[in-house]
Amino acid sequence: MIRQTVLVTGGAGFIGSHLCQRLLGKNFKVICFDNLSTGSLNNLQKIQPHINFIKGDCNDYNQLKIVFEKNKIDIVFHYAAVVGVKRTLENPLAVLNDLEGIRHILELSHLHQIKKVIFASSSEVYGEPVEIPEVEDGHVNAKLPYAVVKLAGEKLMEAYFKMYNLNTTSLRFFNVYGPNQESSDYGFVVGIFINQVLENIAPTIFGDGTQTRDFVYIEDNIEAALLTIDAPLTAGEVINIGTGRPVTILDLAEEIIELADKQGILKPQFIESNRNDIKHRFPDVSKMQKLLKFRPHYKLSEGLSQTLAWYKKIT
Ligand code: NAD
């Protein structure tokens with residue numbers, strides 16, 4: 001059987017590295033294209049001999065063009081982006097520049113008649129929600145550069161489908177967590193809390209902890225993306241990828257303390273927030289269930305246990 005070739009941009013990052021591994025397990029040929037700005041070859045250690053890693057920048061058309069010309073690519077996952085609340089707020093112009101990369105991916109995918117293009121969008125496009133739960137064709141409230149770029153990216157994906165019949169799908173990821181995720185101040189809440197707890201520091205919550213997020217374990221996020229490859233009726237669509245079970249940040253902190261067996265030793269600490277944090281995230285996941293025939297498998301406690309075990313191993 002002829003193996004299909006998949007290009008994963010941002011493949012050395014948290015989500016991209018898991019995706020490369022799973023694609024390899026499914027017998028795809030994998031090309032990982034990453035500028036290693038936040039990603040790392042450590043994330044690809046186990047699989048690097050079996051994939052084609054290319055260091056390069058999506059925002060540079062010529063670098064990407066060579067990759068498309070030299071390889072017969074069938075499927076593209078465009079995951080490269082400047083990511084993380086702190087980093088994106090500090091580097092708005094770099095974030096906006098990612099629009100170039102999205103345009104390059106679409107133009108080259110069109111020219112090379114790629115069979116499927118899957119774009120990593122974000123729940124951030126909803127901004128402060130106008131309605132709950134957040135529905136794909138409902139209100140969006142994108143205000144920050146990161147959210148604006150993701151929303152524009154979705155619209156460009158849709159436009160290439162409408163203009164050229166390019167089979168594109170945008171997946172609006174809600175908070176993904178798991179092994180390989182950055183846990184510095186520039187990282188994400190799960191990794192930050194786990195690191196704090198493992199170091200016997202009280203997890204610090206911005207605000208009162210009643211803000212909610214939908215946490216998706218990495219294996220579930222990847223499963224949904226893999227199902228998108230062959231799912232009919234997904235061309236030109238935007239799909240929320242979440243569990244539909246929002247969790248408060250306080251509950252998250254307490255769950256991590258409990259799983260690490262540090263109840264009675266640590267208590268979440270609340271600090272004043274000057275960040276304009278979004279209060280709630282609550283996706284409607286019926287479109288995901290219908291089009292991808294997918295429901296997440298991991299309970300929060302299971303995903304957190306696996307993540308905690310990984311952090312224990314690397315610290
Ligand atoms: P990450 O920072 O770990 O991965 C991003 C990868 O892209 C890194 O390896 C980085 O080196 C690479 N990269 C950045 N700019 C590049 C460029 N111009 N050219 C080539 N490579 C570049 O972040 P992640 O959490 O794995 O995010 C992956 C994708 O999923 C991103 O598009 C992100 O916006 C999206 N997303 C993530 C989450 C989440 O919870 N982690 C939620 C919503 C959306």
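Predicted model: local features only at pLDDT ≥ 70, side-chain atom pairs only at ≥ 80, totals over all residues.
Asn-35 touches Lys-55, Gly-56 and Asp-57, leaving aside residues up to four places away in sequence. Its side chain also makes a polar contact with the side chain of Ser-37, at 2.8 Å. Asn-59 lies 24 residues from Asn-35 in sequence. In space, the C-alpha atoms of Asn-35 and Asn-59 are 9.9 Å apart.

Glu-131 belongs to the loop between strand E5 (116–122) and helix H5 (145–164). Its relative accessible area is 31%, so Glu-131 is partly exposed.

Gly-138 and His-139 are the residues Glu-131 touches, not counting those up to four places away in sequence. The Glu-131 side chain reaches the backbone nitrogen of His-139 at 3.3 Å. Leu-171 is 40 residues from Glu-131 in sequence, and the two C-alpha atoms are 19 Å apart.

## Ser-170: a buried strand residue

Ser-170 is part of strand E6, residues 168–173. Its relative accessibility is 1%. Buried means under 20%, so Ser-170 counts as buried.

With residues up to four places away in sequence left out, Ser-170 touches Phe-119, Ser-121, Glu-154, Met-157, Glu-237, Val-238 and Ile-239.

## The chain as a whole

The secondary structure comprises 10 helices and 13 strands. The chain has 315 residues and a radius of gyration of 19 Å; a compact globule with that number of residues would have one near 20 Å, so the chain agrees with the globule value. Along the principal axes, the C-alpha atoms fill a box of roughly 60 × 45 × 40 Å.

## Burial, surface and charge

Of the 315 residues, 50% count as buried. The chain exposes about 14,800 Å². Carbon and sulfur atoms supply 51% of that area.

The chain carries 33 positive and 36 negative charges.

Key:
Residues numbered from 1 in each chain as written. Heavy atoms only, no water. Helix = DSSP H or I, 4+ residues; strand = E, 2+ residues; numbered from the N terminus. Rg over C-alpha atoms; globule rule 2.2 N^0.38 Å. Buried < 20%, exposed > 50% of the residue type's maximum accessible area, 1.4 Å probe, protein only. Areas by Shrake-Rupley, 256 points an atom, 1.4 Å probe, with all protein chains shown as cover. Lys, Arg positive; Asp, Glu negative; His and termini not counted. Charge placed at Lys NZ, Arg CZ, Asp CG, Glu CD. Contact = heavy atoms within 4.5 Å. Polar contact = N/O pair within 3.5 Å; in protein donor to acceptor, adjacent residues only side chain to side chain.
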